[in-house]
Amino acid sequence: MSELQHESAALARTAPQTPSPIPDEGADEAVAFGLIFVLYQPTAEFLHNLDKARAQCRHVVAVDNSPQIDPQLHEALQRGGTTVIANHNRGGLAGAYNRGTEALLARGCEIVFLLDQDSDIADGFFADMLRACAETGSPTFLVGPKIYEINLGKCMPSIPPGRRFPKPRRIDDEPRGLFPSLFVISSGSAFSAETFRRLGAFREDYFIEYIDIEYGLRASDHGIPVYMNAGVTMRQTTGAIKRHGKMFTTHHVAWRRYYGARNAVHALGLYRRKWALHWLPGLLAVHQSVCVLLFEPRKLAKVAAIWCGYVDGLLGRLGTFESRHPRIHAYCTRR
């Protein structure tokens, strides 16, 4: 048995064999809600995050985007009451969200939560978020928690809708309240079944980056309220963020740099008539290129991926990096 198989077997043995008890929260019982928990070659720590989420949520769908499934792990999760979907990274993160949402809506869930495997939620997370969803007073909504970026030591600001460049609003010290935002980070966010029916699926041709930003912009464009809930804080980090004085960089691999640059251009261009932000991806591409050249390894591959993605975004060329540019992709992913 390989080292990977040994680790998988150990993870399967640590997974709970019976469903976790669901707290008797009045807010929880008012509406059927479910969770999509996305897995990708999960570690024991990530499975612990899944266990914590299952203790608070009755309807959990684990969508496994790992290239190869672990039958032992899937069987253990299913015995514990979790529905498991082997997605094999079809459509990337967006595909996982779509498969999971379809499964939860088929069960009659009226509110859907999204959670990445590296996100650690606190006790009472769902009850507090459900109250915020009810406070919107709308059958359609998109609500996300306040995101505390661990490596930066501060919270992500809300981005109020506005025609010109929006002025970010710091909500680090806000203990509660719903703050309008053009978009929210997908992990920890909640949307109603009616929202999904009106907006349609997440964009699988985006694969991974800017999926949540495009969905938030789409919601705002359809008059669906988007809020950041200051009453719930979720701690997480984006990539291997490292500070360099006043600058920081995520150390994302080259292929993620491609999708980030391309999807930024495409997403903000889609809604340029309502929010004039189509010029912003160019500045982001320059800024990221400078950070890569100054602080990151594999400089040429990452910068090439950024500008290849930027040009594809301008020309509206989507799809996977490897199918669009097989040679550049091979170079950027070479070890």
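Helix α3 (residues 44–54) has a buried set made up of Phe-46, Leu-47, Asn-49, Leu-50, Ala-53 and Arg-54. They sit on the same side of α3, because they cover an arc of only 150 degrees around the axis. This is a predicted model, so local features need pLDDT of at least 70 and side-chain atom pairs count only at pLDDT 80 or more, while totals for chains, interfaces and linings use all residues. Residues are numbered from 1 along each chain as its sequence is written, and side-chain values use heavy atoms, with hydrogens and water left out.

**Terms used for α3**
- Buried means under 20% relative accessible area, exposed means over 50%, and partly exposed is in between (1.4 Å probe, protein chains only).
- Helices (H or I, at least four residues) and strands (E, at least two) are DSSP runs, numbered from the N terminus.
- The arc is that of the directions from the helix axis to the C-beta atoms.
- An α-helix has 3.6 residues a turn, so residues three or four places apart point the same way.

**Salt bridges**
- The structure holds 15 salt bridges, each being a side-chain nitrogen of Lys or Arg within 4 Å of a carboxyl oxygen of Asp or Glu.
- Arg-256 pairs up with Glu-209 in a salt bridge, with the closest N and O atoms 2.6 Å apart. This pair ties together distant parts of the chain, 47 residues apart: Arg-256 is in helix α9, and Glu-209 is in the loop between α7 (193–199) and α8 (211–221).
- Arg-256 is partly exposed at a relative accessible area of 24%, whereas Glu-209 counts as buried at 15% relative accessibility.
- Arg-317 and Asp-312 form another salt bridge, their closest N and O atoms being 2.6 Å apart. Arg-317 is partly exposed, at 29%, but Asp-312 counts as buried, at 0% relative accessibility.
- Asp-172 and Arg-170 meet through their side chains in a salt bridge (3.2 Å, N to O). Asp-172 counts as partly exposed at 29% relative accessibility, and Arg-170 counts as partly exposed at 42%.
- Arg-99, Glu-102 and Glu-204 are joined in a network of salt bridges.

**His-266 in helix α9**
- His-266 belongs to helix α9 (residues 254–270) and counts as buried because its relative accessibility is 13%.
- Its side chain makes a polar contact with the side chain of Tyr-206 (2.7 Å). A polar contact is a pair of N or O atoms within 3.5 Å; within protein, one must be able to donate a hydrogen and the other to accept it, and residues adjacent in sequence count only if both atoms are side-chain atoms.
- Setting aside neighbours within four places in sequence, His-266 is in contact (heavy atoms within 4.5 Å) with Arg-203, Tyr-206, Gly-313, Gly-316 and Leu-318.

**Positive phi without glycine**
- Phe-207 isn't a glycine, yet it has a positive phi of about 75 degrees. Phe-207 lies in the loop between α7 and α8 and counts as buried at 14% relative accessibility.
- His-251 isn't a glycine either, and has a positive phi of about 60 degrees. His-251 is found in the loop between β11 (247–249) and α9.

**Nonpolar surface patch**
- Val-286, Val-290, Leu-294 and Trp-307 make a nonpolar surface patch of about 330 Å². Patches are made of residues with over 30% relative accessible area and no salt bridge: like charges are joined within 9 Å, nonpolar side chains (Val, Leu, Ile, Met, Phe, Trp, Tyr) within 5 Å.
- Helix α10 (residues 280–295) gives the most to the patch, with three residues.
- Leu-294 is in helix α10 and counts as exposed, at 51% relative accessibility.

Conventions: Accessible areas come from the Shrake-Rupley method with a 1.4 Å probe; for residues, only the protein chains shown count as cover.
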